[in-house]
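Subject: Structure handover, helix packing and cores

Hello,

Here is the structure we spoke about. My notes on helix packing and the nonpolar cores follow below it.

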Amino acid sequence: MDLDVFVSAHRAEWDRLDALLRRRRRLTGTEADELVTLYQRTATHLSLIQSSAPDPRVVGRLTQLVARARSAVTGTRAASWRDVTRFLTHGFPAAVYKARHWWVPTALVSTAIAALIGWWIGTHPEIQASIAAPSELRELTRPGGQYETYYSSHPATSFAAQVWTNNAQAAAMCLVLGIFLGLPVLWILLQNMLNVGIGIGLMTSAGRLDTFLGLILPHGLLELTAVFVAAGTGLRLGWTVIDPGPRTRRTALAEEGRAAIGMAIGLALVLFISGAIEGFVTPSGLPTWARIGIGIAAELAFLVYVYVLGGRAVRAGETGDLDTGERSAVLPTAA
């Protein structure tokens, strides 16, 4: 491409587009149509120059011109309750559903690790002795001990708020730090499974595993599922850095990153529910079967929400990303 000839041939169109943009609020219908046509042509011109003769000065001018034109053509849109409803019924469940090949294996492997740690601690007294002194272990595991009173040690409202905040931060860290090849996500998961495994092991050694499960299952099923979803999504983001697939790495990270941000908002709502269960149901005087039943019902409701609503949304073309009109423009490239 002879850049000088190309610029000379199309400069008048660019200048005309610039003039229309300067008075875009006073355009006639014909001029508005002309603006759209010139925007499309200029975007193509920019793509051709970038791929054939990327002159920084010309590319800079056209990039700014295309960005202004796109803003004028697409306009701005204020968020509404319809957007919130669409996010909750389409965007979020679709994003979770699409990530299931990452978070389901993460959940299975993590649960197996927690069970293995629990078995190891429960069957090895020397490991228990390295965790705490015998008197401290008895205080933890005895009837009315610290494991039982932990959930009723603070007012239910403040306790639920604190639990929600801590869990939401952990989920957000999994989502954000996943970009570092997923390594911080593995560490966060290990810490969580280590805590669960220690509880299982110590209460098993004291012959009170049923009590421990009665305390952790009502809220833990939904809470840990949310953590596994966040961790799986973070690991997927980390793998995108390594293998972006057919997309460019920049495009792939932008798409996965936007989905992860939406996931963080949705998971915060899920963790709010699990925090409320932990604050009000777990320490309640309800029978153990009733408390566990509430936890199982909440978990099943979430899975149905993801696999039914999310699966339906994905089959309808939902990706969990922003709508096409809200994404950054991807310019066509020359063959």
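In this predicted model, H1 passes H2 in a left-handed crossing. H1 covers residues 3-22 and H2 residues 29-52; the two pack at about 145 degrees, with 9 Å between their axes. On the H1 side the contact includes Leu-3, Phe-6, His-10, Trp-14 and Leu-21, and on the H2 side it includes Glu-31, Leu-35, Tyr-39, His-45 and Ile-49. By class, the residues of this contact are eleven nonpolar, three polar and five charged.

A second pair to look at is H5 (residues 100-122) and H13 (residues 288-315), whose axes come within 13 Å and cross at roughly 155 degrees. Angles over 145 degrees count as roughly antiparallel, so H5 and H13 are roughly antiparallel to each other. This crossing is also left-handed. H5 contributes Arg-100, Trp-103 and Val-104 to the contact, and H13 contributes Leu-303, Val-306 and Tyr-307. Five of these residues are nonpolar, one is charged and none is polar.

On the cores: the largest nonpolar core has 46 residues, and Phe-92, Val-96, Met-263, Leu-267 and Phe-302 have the most contacts inside it. Elements giving two or more residues to this core include H4, H5, H12 and H13, while H11 supplies the largest share, eleven residues. Beyond its neighbours within four places in sequence, Val-96 touches Trp-103, Val-229, Met-263, Phe-302 and Val-306. Another core, of 20 residues, lies apart from the largest one; Leu-3, Leu-21, Tyr-39 and Ala-43 are among its members.

Regards

Technical notes
Residues are numbered from 1 along each chain as its sequence is written. This is a predicted model: local features need pLDDT of at least 70, side-chain atom pairs count only at pLDDT 80 or more; totals for chains, interfaces and linings use all residues. Side-chain values use heavy atoms; hydrogens and water are left out. Axes are lines fitted to C-alpha atoms, for helices over the stretch in contact, and angles run from 0 to 180 degrees between N-to-C directions. Helices (H or I, at least four residues) and strands (E, at least two) are DSSP runs, numbered from the N terminus. Angles under 35 degrees count as roughly parallel, over 145 as roughly antiparallel, 65 to 115 as roughly perpendicular and the rest as oblique. A crossing is left-handed if the near helix is turned anticlockwise from the far one by less than a right angle, and right-handed if clockwise. Contact means heavy atoms within 4.5 Å. Ala, Val, Leu, Ile, Met, Phe, Trp, Tyr, Cys and Pro count as nonpolar, Asp, Glu, Lys and Arg as charged, and the others, Gly among them, as polar. A nonpolar core is a set of buried Ala, Val, Leu, Ile, Met, Phe, Trp, Tyr and Cys residues joined through side-chain atoms within 4.5 Å. Buried means under 20% relative accessible area, exposed over 50%, partly exposed in between (1.4 Å probe, protein chains only).
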